[in-house]
Amino acid sequence: MSLDSTPLQLSARMADLRSSAIRDLLTLTARPSVISLAGGLPATKLVPRERISQAALRALDDPRTVQYGETSGWAPLRETVAVRESGKVGRVVDPAEVVVTHGSQQALSLLAQVLIDPGDTVVVEEPGYTGALQVFRTAQAALAPVALDEDGMDTAALEHALREGLRPKVVHTVSNFHNPRGVVLSARRRRHLAALADRYGFWVIEDDPYGELWFDTPAPAPVAAHSDRVLRLSSGSKTLAPALRIGWLHGDRRVCEAVELLKQGADLCGSSLTQQIATELLDDHEWLDEHLATVRGSYAARAGALVRALESTFGPRISHATVHGGMFCWIEFADGVDTTALLDTALAHDVAYVPGGAFGVAHAHPHAARLCFATYEEAVLVEGVARLRSAYDARAEKLIPR
Ligand code: PMP
């Protein structure tokens with residue numbers, strides 16, 4: 001009997017699960033003619049392929065790189081991460097409080113399994129990082145969105161909800177150069193969020209893959225500097241290479257041990273090879289500082305070019321948040337354009353973006369869009385904005401019957 005004819009009985013947790021709108025969009029935008037401002041892809045040319053290749057050759061001299069490794073990660077990498085994180089949080093981080101994961105996405109996924117039972121409340125940002133929303137939905141959490149503004153998550157609104165009786169297990173925040181909003185959680189709100197975590201006894205997942213990508217000023221001390229109830233995630237994806245799949249989690253040792261236990265079942269261990277490569281790159285401070293300066297400079301120039309093009313091409317029809325780092329610019333059409341409806345026309349004009357709705361929890365963000373400025377050089381970004389304007393005009397023509 002063909003399996004196709006039998007009803008597919010998947011687990012209950014699959015019932016409400018939707019494919020990430022961005023992943024689906026990436027399939028649509030794979031045509032080479034499309035300028036895709038949709039995917040959050042770091043610039044391929046800025047990935048240090050030569051330096052990775054040198055480190056890979058050196059790593060392969062060590063037979064341990066081709067073998068299974070420790071579930072919690074290659075010990076020297078955990079030490080390196082512990083030292084880096086100690087500098088950021090202002091206290092000594094023990095390598096036993098670090099787990100290396102397959103990208104920070106795996107840390108998110110494992111943390112959700114470790115901390116959340118079906119029905120538990122998880123506070124997420126509105127708009128929020130789609131990868132986190134998907135993980136928390138899979139965990140069958142009840143999502144409680146809290147609005148973002150120019151200073152990041154509105155912690156006063158969170159406090160108000162807590163006073164009204166909201167009892168989250170977890171609060172998820174992208175504190176630096178938010179995906180998708182681009183904003184940075186202010187120093188005052190970081191302290192406030194940490195104090196609320198201590199007072200109300202929830203965990204904060206501080207999801208920070210973009211913190212190193214600042215343009216003018218480094219981001220304030222992390223939320224984790226102010227409370228032990230913070231589980232901090234970061235990643236080599238945006239600074240070294242996404243393909244290394246190196247991410248890490250640090251925080252409460254018992255949570256790390258629980259994550260390690262689940263990771264044994266998920267993948268036994270990460271890649272010994274890429275973990276050794278990442279260790280060499282992160283330990284080569286002189287090279288890393290220079291490399292990060294190059295990436296920051298390029299992304300700042302790209303963000304500037306995108307914003308200038310948007311301003312000169314659309315004028316007051318579009319508002320945008322000021323970009324201080326990271327990879328994303330969040331725009332809003334002032335004249336009520338529906339960005340989901342515009343996307344088809346935009347694709348016909350060979351340009352793509354992610355409509356705001358993809359990041360929505362309780363709000364549809366119908367006039368907003370996320371544009372990624374990291375992937376292309378300035379001239380291509382300018383051309384992308386010109387195409388977006390053509391799509392916008394074509395849609396306006398359709399609306400006005402002649
Ligand atoms: N968190 C946020 C906020 C992200 O934007 C991303 C990548 N888009 C991740 C986590 C996961 O990245 P990775 O698994 O490559 O570290």
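Mentor: Let's start with a term: a residue is called buried when its relative accessible area is under 20%. Keep in mind, too, that this is a predicted model.

Trainee: Thanks! Which residues are buried in helix α5?

Mentor: Helix α5 covers residues 130-138, and its buried residues are Thr-130, Gly-131, Ala-132, Leu-133, Val-135 and Phe-136.

Trainee: Is Thr-65 buried or exposed?

Mentor: Its relative accessible area is 5%, under the 20% cut-off, so Thr-65 is buried. Thr-65 sits in the loop that runs between α2 (49-60) and α3 (75-89). A polar atom of the Thr-65 side chain lies 2.7 Å from the backbone oxygen of Asp-62.

Trainee: And what about Leu-8, buried or exposed?

Mentor: Leu-8 has a relative accessible area of 72% and is exposed. You will find Leu-8 in the segment before α1 (21-28). Together with Leu-10 and Met-14, Leu-8 forms a nonpolar surface patch, and the accessible area of these residues together is about 330 Å².

Trainee: Let's turn to the ligand. Which residues come nearest to the ligand?

Mentor: There are 13 residues around the ligand, and Ser-104, Asn-179, Tyr-210, Ser-235 and Ser-237 come nearest. By class, this shell is made of four nonpolar, six polar and three charged residues. Helix α4 (residues 103-115) gives the most to the shell, with three residues.

Trainee: How should I read the polar contacts there?

Mentor: Look for pairs of N or O atoms within 3.5 Å. Here, a polar side-chain atom of Ser-237 is 2.6 Å from an oxygen atom of the ligand. An N or O atom in the Asp-207 side chain lies 2.9 Å from a nitrogen atom of the ligand. Gln-105 takes part through its backbone, with an N or O atom 3.0 Å from a ligand oxygen atom.

Trainee: How much of the ligand's area does the protein bury?

Mentor: The ligand taken alone exposes 400 Å², and the protein buries 90% of that.

Trainee: Now the charged pairs. How many salt bridges does the structure hold?

Mentor: The structure holds 24 salt bridges. One of them joins Arg-51 and Asp-284, whose closest N and O atoms are 2.9 Å apart. Arg-51 belongs to helix α2, while Asp-284 is in the loop between α9 (272-283) and α10 (285-314), so this pair ties together parts 233 residues apart in sequence. Arg-51 is buried, at 12% relative accessible area, whereas Asp-284 is partly exposed, at 24%.

Trainee: What does Glu-280 pair with?

Mentor: Glu-280 forms a salt bridge with Arg-58, and their closest N and O atoms are 2.7 Å apart. This pair links helix α9, which holds Glu-280, to helix α2, which holds Arg-58, across 222 residues. Arg-58 is partly exposed, with a relative accessible area of 48%.

Trainee: Where do Arg-91 and Asp-228 lie?

Mentor: Their salt bridge has its closest N and O atoms 3.6 Å apart. Arg-91 is in the loop between α3 and β2 (98-102), and Asp-228 is in the loop between β7 (203-207) and β8 (230-235), 137 residues apart. Arg-91 is partly exposed, at 33% relative accessible area, and Asp-228 counts as exposed, at 56%.

Trainee: Which residues do salt bridges join into one network?

Mentor: Through shared partners, salt bridges join Arg-51, Arg-58, Glu-280 and Asp-284 into one network.

Methods. Residues are numbered from 1 along each chain as its sequence is written. This is a predicted model: local features need pLDDT of at least 70, side-chain atom pairs count only at pLDDT 80 or more; totals for chains, interfaces and linings use all residues. Side-chain values use heavy atoms; hydrogens and water are left out. A residue is near a molecule or strand if one of its heavy atoms lies within 4 Å of it. A polar contact is a pair of N or O atoms within 3.5 Å; within protein, one must be able to donate a hydrogen and the other to accept it, and residues adjacent in sequence count only if both atoms are side-chain atoms. Accessible areas come from the Shrake-Rupley method with a 1.4 Å probe; for residues, only the protein chains shown count as cover. Helices (H or I, at least four residues) and strands (E, at least two) are DSSP runs, numbered from the N terminus. Ala, Val, Leu, Ile, Met, Phe, Trp, Tyr, Cys and Pro count as nonpolar, Asp, Glu, Lys and Arg as charged, and the others, Gly among them, as polar. Patches are made of residues with over 30% relative accessible area and no salt bridge: like charges are joined within 9 Å, nonpolar side chains (Val, Leu, Ile, Met, Phe, Trp, Tyr) within 5 Å. A salt bridge is a side-chain nitrogen of Lys or Arg within 4 Å of a carboxyl oxygen of Asp or Glu. Buried means under 20% relative accessible area, exposed over 50%, partly exposed in between (1.4 Å probe, protein chains only).
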